[in-house]
Amino acid sequence: MAISTGIWIGATLAATVAQTARNAMQGALVGEIGAAGATQVRFIYGFPFACIFLAVICLAGGERPAAPTWAFALYALAGAVTQIFGTALMLWAISRRNFATGIAYTKTEPVLVALFSVAALGEHLGPAAWAGVITASAGVWLMSVTPGARPPQPAPGDAWRAPAAGIGSAALFALSSVCFRGAILALADGGFLVRASTALAASLAMQSVILGLWLALFDRPAFAGSLRLWRASFGAGFMGALASQLWFTGFSLTSAANVRTLALLEAPFAQVVSRRVFHETPAPREMLGAALVVAGVAALLASWG
């Protein structure tokens, strides 16, 4: 296995763990400061940590941040905006259903990433990789359509609104992943870690400004709430920045579709969090879905030889 393949696989697996922790922290904040407030925590509190990551990587490697281009700026802005709305929809879905099922809705993302990657970047998957993407995505879909026992029961209308929000967030996350990979590829200078870190710092800066202005104008209580809960917000921000640093490292080395399919292992991880932290019991078909996720990921990795 090539060194670069081992790096993106390791970075993606670590990112999956960090993102599961971040989602749990953000999900806990929704009840206190709302979906918009919990969403901005990921960006505004994550931005300082992204700057620290970039500084450490540049100092360690004796490099400078990669010089931006217009293509980089456009890709990064598109990724920043779609990720903001994707995060808000995901948190809303989580607030209406249990944690594991809410996350599972978003995991139709890899199929969409693969399609968007072909359209936007001309990156194609082989037959074995496509089989892995589809199998793993079928697994998370099975988990989402047959949730386990969970209190409280969904409110009237949420039976279809929560899935729609989750799948909508998946489409937005797919676009953001492809755009972030496009931004990294648009940087001609520096090694893969410097380019990934530069793209992360730039995108979080954009997201912090966009969402900060929105909250200042339309939802000041949400922003004030995140300041009041600064300890929990800093924790979620750090985990978000760490997860994003690892995602961007993966995007710098391989197709976004490969990274996001391997990331479907988050769904089984979410089952563990759901059971241990939120005391929610998965249904048998949810466990079968988790098995399909593992099988699909195995097929993807086998396609890399």
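Predicted model: local features only at pLDDT ≥ 70, side-chain atom pairs only at ≥ 80, totals over all residues.
Reader: How many salt bridges does the structure hold?

Author: The structure holds two salt bridges. In one of them, Arg260 pairs with Glu109, with 2.8 Å between the closest N and O atoms.

Reader: Where in the chain do Arg260 and Glu109 lie?

Author: Arg260 is in helix H11 (residues 256-262) and Glu109 is in helix H5 (residues 109-121). The two are 151 residues apart, so the pair links distant parts of the chain.

Reader: Are Arg260 and Glu109 buried or exposed?

Author: Both Arg260 and Glu109 are buried.

Reader: Which side chains meet in the other bridge?

Author: Arg181 and Glu123 form that salt bridge, at 2.8 Å from N to O. Arg181 belongs to helix H7 (residues 158-185), whereas Glu123 sits in the loop between H5 and helix H6 (127-145). This pair also links distant parts of the chain, its residues being 58 residues apart.

Reader: Why does Glu123 count as buried?

Author: Glu123 has 16% relative accessibility, and buried means under 20%, so Glu123 counts as buried. Arg181 is buried as well, with a relative accessible area of 9%.

Reader: Changing topic, which residues does UniProt list for "transmembrane region"?

Author: The unreviewed UniProt entry lists residues 42-60, 72-94, 114-143, 164-186, 192-217 and 229-248 under that name.

Reader: What is the helix content over residues 114-143?

Author: Residues 114-143 are 83% helix and 0% strand, and their end C-alpha atoms are 21 Å apart.

Reader: And what is it over residues 192-217?

Author: Residues 192-217 are 100% helix and 0% strand, with the end C-alpha atoms 38 Å apart.

Methods. Residues numbered from 1 in each chain as written. Heavy atoms only, no water. Salt bridge = Lys/Arg side-chain N within 4 Å of Asp/Glu carboxyl O. Helix = DSSP H or I, 4+ residues; strand = E, 2+ residues; numbered from the N terminus. Buried < 20%, exposed > 50% of the residue type's maximum accessible area, 1.4 Å probe, protein only. UniProt positions renumbered as here; feature names shortened; annotations may be inferred.
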